[in-house]
Amino acid sequence: MSVATMTEDLKQIHVATVKILEKTGMKFLHPDVIELLQNNGIKVDGQTAYFTEEQLLEWIGKAPSSFTMYARNSKYDITVGGDNVECFPAYGPPLVLELDGSKRPAQMEDYVRFLKLYQQCDHFNANGGMIVQPADQGIGALLYATLLHSDKCIVTGSGKADEVEALMDMLGIVFGKADLVNKPRATTIVNTNTPLQLDRTMLETLLVFTKYSQPAVIAACAMAGTTAPITLAGTMALHNAEVLAGIAVAQMMNPGTPVVYGTQTTTSDMKSGSIASGSPEGALCYQYGARLAKAYGLPCRGGGAVTDAKSLSIQAGYESMLTLLAAHGAKTNIIIHAAGIVDSYSCISYEKLIADFEIIGMVRRFLKGIEVNEETLAIDVINNVGIAGHFLTQTHTMRHCRKESFLPEISLKGAVTGDPNQEILQNINKKMDKMLAAYARPELPEATVRELKKYLADKGLNQAELDKLG
């Protein structure tokens with residue numbers, strides 16, 4: 001990576017980033033991390049570390065520009081980096097939004113049902129994590145459910161060191177603990193506390209993930225106007241400082257460990273002070289985050305089908321399309337929250353999940369563009385049909401009609417005789433029912449299931465609740 005090759009706007013953001021980390025620094029709320037920083041020649045005052053440009057670039061330069069995540073089923077293995085784009089599930093909502101606009105706490109049954117829907121969607125090669133947060137379940141139970149109901153690449157939660165070590169133990173039961181370093185199996189999100197802090201829990205998560213060479217997404221969610229400057233250039237400079245400092249520390253923990261540059265930064269609503277996740281400013285931040293990451297030679301995460309809408313509504317549709325298109329267009333490697341999120345990350349909706357699956361298909365078809373060659377130009381077909389003819393019955397039409405055009409499953413086309421709102425909801429429910437009916441639990445040896453159950457039971461989890469999962 002060479003700063004000299006950056007575009008002028010990125011270069012100015014980089015220079016501002018260095019000035020922030022040299023003058024104000026970044027606070028790391030963990031004594032082991034402070035000691036690690038000091039041992040590597042980083043200036044430290046109390047819990048605050050100060051990086052020079054040379055130090056920053058040296059350490060982030062040790063991170064790989066791309067890596068492979070390995071799924072239990074190898075057809076879902078993914079490359080994280082370059083221009084490859086992967087959709088990841090929702091992450092973090094504690095509530096489920098019902099169709100009437102009411103909200104309810106998420107249950108473990110919801111978590112499993114969402115796992116099955118993501119498993120059935122061809123747009124997703126990863127599953128799990130904090131799709132929803134059932135109040136009475138820890139991250140170990142969520143990983144167990146993920147291992148049981150999905151064979152895609154794994155997303156996990158974050159937590160204290162002993163909780164995250166337990167996740168690694170569970171992955172070891174399934175994949176072999178010694179082999180994790182050679183085949184990354186799981187990722188999680190390590191969120192900064194804007195402005196310019198990383199707390200103890202996030203650092204403990206990072207310490208354990210880097211210990212086993214499992215990739216962590218180091219992400220900032222700065223909010224322009226509240227936790228960051230109102231101007232997006234200043235917000236991105238602050239964001240960049242936090243993420244790069246986190247990546248540098250991850251490389252000190254284990255040089256060469258895979259990491260992902262994460263961007264969930266957006267603006268604040270100046271009327272209320274709340275986050276504006278589905279805003280054009282957020283879409284711009286996702287794009288700039290991807291551009292910065294690629295300029296530094298780092299894999300990137302950002303975006304999603306995110307919205308501040310309070311229901312399955314027009315607002316939910318246009319905001320989700322904007323943010324998803326921005327992330328895809330920037331070739332963001334990992335798009336977390338790619339389907340289902342509503343109400344500023346606080347809720348997930350079954351109906352919006354299915355709608356977002358269709359939006360992903362539309363976005364991907366749009367970005368695929370137009371293929372131009374002798375076959376697709378169809379000159380002979382046009383000349384054969386001639387003036388005032390039609391193309392519906394042409395062999396050429398039959399040959400291309402299922403792959404040239406996007407074929408929606410829930411959108412309404414043509415004449416509709418009933419209430420169009422009810423028609424589209426019926427299509428959503430039909431699609432959801434079809435996906436759930438087609439779901440088959442991926443094979444996992446019974447001996448492995450028993451070992452996982454015993455491990456979690458020994459950790460104090462309710463055996464009866466685990467038995468309900470299968």
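Leucine 196 counts as buried, with a relative accessibility of 12%; buried here means under 20% relative accessible area, exposed over 50% and partly exposed in between, with a 1.4 Å probe and protein chains only. This residue has a positive phi of about 65° although it is not a glycine, and its place is in the loop between S11 and S12. Helices (H or I, at least four residues) and strands (E, at least two) are DSSP runs, numbered from the N terminus. The model is a predicted one, in which local features need pLDDT of at least 70 and side-chain atom pairs count only at pLDDT 80 or more, whereas totals for chains, interfaces and linings use all residues. Residues are numbered from 1 along each chain as its sequence is written, and side-chain values use heavy atoms, with hydrogens and water left out.

Threonine 194 and proline 195 are joined by a cis peptide bond, with omega at about 5°. Proline 195 lies in the loop between S11 and strand S12 (197–198). Most residues other than glycine have a negative phi, and most peptide bonds are trans. A positive phi, of about 55°, also occurs at alanine 378, which is not a glycine. Alanine 378 is found in the loop between helix H12 (374–377) and helix H13 (379–385), and with a relative accessible area of 12% alanine 378 is buried.

Two bridges join S11 to strand S10 (residues 153–155), and the two strands run parallel; two strands pair if DSSP finds at least two bridges between them. Isoleucine 154 stands opposite alanine 186 in S11. From S10 the chain crosses through helix H6 (residues 161–175) to S11, and this β-α-β crossover is right-handed, that is, with the strands pointing away from the viewer, the path from the first strand over the helix to the second runs clockwise.

S11 also pairs with strand S13 (residues 216–220), in the parallel sense and over four bridges. Isoleucine 189 stands opposite valine 217 in S13, and asparagine 191 has alanine 219 of S13 as its bridge partner. Five of the five residues of S13 are buried, so S13 is largely enclosed by the rest of the structure. In a regular strand the side chains alternate between the two faces of the sheet. Both faces of S13 are covered, with Ala216, Ile218 and Ala220 buried on one side and Val217 and Ala219 buried on the other. S13 is in turn joined by five bridges to strand S15 (residues 259–263), and these two strands run parallel. Here alanine 220 stands opposite threonine 263 in S15.

Another group of strands forms an open sheet. Its four strands follow the order S8-S7-S21-S20, and the pairing is mixed. Strand S8 (103–105) and strand S20 (341–342) are the edge strands, each of which pairs on one side only. Strand S7 (residues 95–97) and strand S21 (residues 347–348) run parallel and are joined by two bridges. Leucine 95 has cysteine 347 as its bridge partner in S21.

Two helix pairs may now be considered. Helix H4 (residues 108–120) and helix H15 (residues 420–438) pack at an angle of about 90°, with their axes 9 Å apart. Axes are lines fitted to C-alpha atoms, for helices over the stretch in contact, and angles run from 0 to 180 degrees between N-to-C directions. H4 is therefore roughly perpendicular to H15, in a scheme where angles under 35 degrees count as roughly parallel, over 145 as roughly antiparallel, 65 to 115 as roughly perpendicular and the rest as oblique. Arg113, Lys116, Leu117 and Gln120 of H4 make the contact with Met432, Met435, Leu436 and Ala438 of H15, where contact means heavy atoms within 4.5 Å. By class, this contact has five nonpolar, one polar and two charged residues; Ala, Val, Leu, Ile, Met, Phe, Trp, Tyr, Cys and Pro count as nonpolar, Asp, Glu, Lys and Arg as charged, and the others, Gly among them, as polar.

In the second pair, the axes of helix H2 (residues 31–39) and helix H8 (residues 232–253) come within 10 Å and cross at roughly 85°. H2 and H8 are therefore roughly perpendicular to each other. Val33, Leu36 and Leu37 of H2 make the contact with Val249, Met252 and Met253 of H8. The residues of the contact of H2 with H8 comprise six nonpolar, no polar and no charged.
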